[in-house]
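Please read them with the structure open beside you.

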Amino acid sequence: MQITFVGSGDAFGSGGRFNTCFHVATESTRFLIDCGASSLIGMKRLGIDRAAIDLILLTHFHADHFGGVPFFVLDAQFVAKRTRPLTIAGPPGVDAWYERIFAATFPGERTLPFPLEFREFEIGQLNQIGELEVTPFHVRHDDRAGPCLALRVRAGGRTICYSGDTEWTDTLIEAARGTDLFVCECYVYDQPVRAHLALTTLRQYLPAIGAKRVILTHMSDSMLNHRPEVEYEMADDGKVIEV
Ligand SMILES: [Zn+2]
Ligand SMILES: [Zn+2]
């Protein structure tokens, strides 16, 4: 499995980073985890073939995770000339959120030249979506844009977890335990804030999670300014790893 960090930033462009978007490729499928507002630009910079993406998995509906969907779909229609079916899977209400974001950004009727399907996650259950086994866990962030989820995903013989945006909850232990890769939000260094994680908190819990590899993402200036003191691997835009 190859993972490309298209965007590793927060909602504020800290460090000049793009909004959250991870491109995952196995031998037989390609998908995105989150598609923040800047994701199409990020994918084009990296030369990612958008038309080969089968699925977009969404953790919640804040624009730094979801706001790139209209751009992705418009590009698919007018530039990438997509014909391949696309599935957008997300928290319950994903189809209504899609209608609302299009109505607010690119209003009007559109007929897409490719099949578009929505899948609402069943939270706490194993969801078979294409070739993926996705188990969503309800985390603690801001459910006005949710329910906000962490996603445990099995694909291509590997299991990865992405925390989504969240403050600490023991649910993350279950979501990420024993995974091959845990991509975890780490918004601040040492000043706990509501709705997000601090490194000082994560240091207490990451050993119990026992993921084989941990990569921190969604970092504010507070984290980026402490980089030399951070003992965990940190994501960067354009970073590519094999899991
Ligand atoms: Zn965010
Ligand atoms: Zn958020």
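**Notes on the predicted model**

1. Phenylalanine 22 has its place in strand 2, where helices (H or I, at least four residues) and strands (E, at least two) are DSSP runs, numbered from the N terminus. This is a predicted model, in which local features need pLDDT of at least 70 and side-chain atom pairs count only at pLDDT 80 or more, while totals for chains, interfaces and linings use all residues. Residues are numbered from 1 along each chain as its sequence is written, and chains are lettered from A and ligands numbered from 1 in the order in which they are written.

2. Is phenylalanine 22 buried or exposed? Phenylalanine 22 counts as buried because it has 24 C-beta neighbours inside 10 Å; a residue is buried if 20 or more other C-beta atoms lie within 10 Å of its own, exposed if 12 or fewer, and partly exposed in between, with C-beta atoms placed from the backbone. Leaving aside neighbours within four places in sequence, the contacts of phenylalanine 22 include Ile3, Phe5, Leu32, Tyr162 and Val183, a contact being two residues whose C-beta atoms, placed from the backbone, lie within 7 Å.

3. Strand 2 is joined to strand 1 by five bridges, and the two run antiparallel, with threonine 4 standing opposite histidine 23 in strand 2. Strand 1 is also joined to strand 14 (residues 240-242), again antiparallel, by three bridges; here isoleucine 3 has isoleucine 241 as its bridge partner. Two strands are taken to pair if DSSP finds at least two bridges between them.

4. The largest nonpolar core has 65 residues, and those with the most contacts inside it are Phe22, Leu32, Ile56, Leu57, Ala150 and Leu151. Such a core is a set of buried Ala, Val, Leu, Ile, Met, Phe, Trp, Tyr and Cys residues joined through C-beta atoms within 7 Å. The largest share of this core, five residues, comes from strand 9 (residues 149-155). Leucine 151 is in contact with residues including Ile33, Leu57, Val134 and Cys161, when neighbours within four places in sequence are left aside.

5. An open sheet of seven strands runs in the order 7-8-9-10-11-12-13, with mixed pairing, and its edge strands, each pairing on one side only, are strand 7 (127-129) and strand 13 (233-234). Within the sheet, strand 10 (residues 158-162) and strand 11 (residues 181-185) pair in the parallel sense over three bridges, and isoleucine 160 has leucine 181 as its bridge partner in strand 11.

6. Glutamate 133 lies in strand 8 (residues 132-138) and counts as partly exposed, because it has 14 C-beta neighbours inside 10 Å. Not counting residues up to four places away in sequence, glutamate 133 touches Leu126, Gln128 and Arg154.

7. In helix 1 (residues 39-46), the buried residues are Ser39, Leu40, Gly42 and Met43. Seen down the helix axis, these fall within an arc of 160°, so they line one face of helix 1; the arc is that of the directions from the helix axis to the C-beta atoms. Their cover includes strand 1 (2-7), strand 2 (21-25) and helix 3 (69-78). Just after helix 1, glycine 47 takes a positive phi of about 70°.

8. For the chain as a whole, the secondary structure comes to seven helices and 14 strands, and 44% of the 243 residues count as buried.
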